[in-house]
Structures are given as structure tokens and as C-alpha cells.
Amino acid sequence: MRMLVVEDDAAIADAVCASLERDGHAVDCLANGKAAIAALQEHAFALVVLDLGLPGQDGSEVLRRLRAAHDGIPVLVITAREELDLRVRTLDLGADDYLVKPFSLAEFGARVRALLRRQSNRGVPILQIGRLAIDLAGRRVRLDDRPLDLTAREFALLEILASRHNRVTPREHIIEALCTWNDALTDNGLDIAVYRLRRKLAGSGVNLRTVRGLGYLLESDDGP
Ligand code: CA
């Protein structure tokens, strides 16, 4: 999934972005509140990690604008200990969760997974589609009892299609979700990812179908 990290402390930003990327997400990183507001208007992100003390526009203002625009995107606020009052105000403004610096990356990862589960999968950490079990928290897939070996990009593609099971997902939506500013996903790149994932799903009873002119669809032979 495509995520936005807004943090002006480079060391924290690097660690948080690397951790999200290890979990297979596409991550864009900004250090300025104004730039974050512009980016959020322009792109669809699955989640925002938001520092409160930011140059340009502080984090609580970024959040206020998001919620004023009725954007329900999950927001995980990361805050310094001395910003306690601000923290309370931030939750009132509509943050979904917060972490106080310094935090462990293990806890950070767990909070992110919990927010994503709450948002898109109705709290179910494992999506079952036909004989395929997609473990969203563990970023693993099993076919019957056998692990299916997917790259981070293939997993991300499967996750997007699986969360819209039996509905067509447009190509642009997938490209938007998988690319970042630094790492663009070309049309060709998507074709290759689709080709490889389809090959790995062969014989599983779950088909990655192309709906010409519209996009892609995940369906299982034995119904939903
Ligand atoms: Ca800061």
C-alpha cells in the first residue's frame, strides 16, 4: 500500500520509512507540513504517519485540514513527550492512534498493521479467498498448507486485489497504490507484476483476471 510519512527528523523518518518498506509498502517521505497538505490533496494514500512539530505547517493543522475535507484516511501521529497537550488536541482532531518518541519499530509496525486492519478488512487479519489464505499482518500467503513465495510488490498487488475481491480494480488505482515519487511503477512494471503473480497463482483456483479496458479482478473457482 502507498503511505505518506511526514517527519522532519531525518533519522526517525529514515527508520520509519525503511520499516514500512520492509513490510512491502510504497512509502513517500516529506519533512514539511505544507508539502504534506498538498500531497494529501493530490494522491490517495492508505495511511499517514504524521509528526506534530513540523516546519511549514504543524502536524495538527495538517490533520485538521484532512478531517475538514472529510478524509477518513488512517493517521498515526508520532509525537515528542513535551507535546502532551498537543497530543490530546490531536486525538480530538481525529488522529487514529499516536506513539510517543522514542518508540520501538516493532511497536510502530504493530500499530500500523492494526490501523490498516481496522480500515480495510473489518478487523480480520487473514483474508481467505478460495484455497488462498492471505495473512495481512504477517505479510505471508498460504495455499492450502503450503507457503506461497511472493515478492513485496507481488504481495502488495495481491493485497489490493484481495481487499476488492470480485470487484474490478482499475489499473490507475493499482499504479497509484504501488508507486512512490522516487520509485515510479510504469505500465510495463505493472504488466510484469501481474504476469508473475498470475503465474504463482496458477493451479490455486484463484484467478487474476484481466477485464479489458477496465482493470483486474481476483476471483476463485469455488465462488467467494
Ligand atoms: Ca518534528
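This is a predicted model: local features need pLDDT of at least 70, side-chain atom pairs count only at pLDDT 80 or more; totals for chains, interfaces and linings use all residues.
Residues are numbered from 1 along each chain as its sequence is written. Local features need pLDDT of at least 70 and side-chain atom pairs pLDDT 80 or more, while totals for chains, interfaces and linings use all residues; side-chain values use heavy atoms, without hydrogens and water.

**View 1. D51 and K101 form a salt bridge.** A salt bridge is a side-chain nitrogen of Lys or Arg within 4 Å of a carboxyl oxygen of Asp or Glu; here the N to O distance is 3.0 Å. D51 is in strand 3, and K101 is in the loop between strand 5 and helix 5, 50 residues apart. Helices (H or I, at least four residues) and strands (E, at least two) are DSSP runs, numbered from the N terminus. D51 is buried at 2% relative accessible area, and K101 is buried at 17%. Buried means under 20%, exposed over 50%, and partly exposed in between (1.4 Å probe, protein chains only).

**View 2. D97 pairs with R111 in a salt bridge.** Their closest N and O atoms are 3.0 Å apart. D97 belongs to strand 5 and R111 to helix 5, so the bridge ties together parts 14 residues apart in sequence. D97 is buried (17%), whereas R111 is partly exposed (23%).

**View 3. E154 of helix 6 pairs with K200 of helix 8.** The closest N and O atoms of this salt bridge are 2.7 Å apart. E154 is buried at 4%, but K200 is partly exposed at 31%.

**View 4. Helix 6 (residues 152-162) is mostly covered.** Of its 11 residues, 9 are buried, among them F155, L158 and I160.
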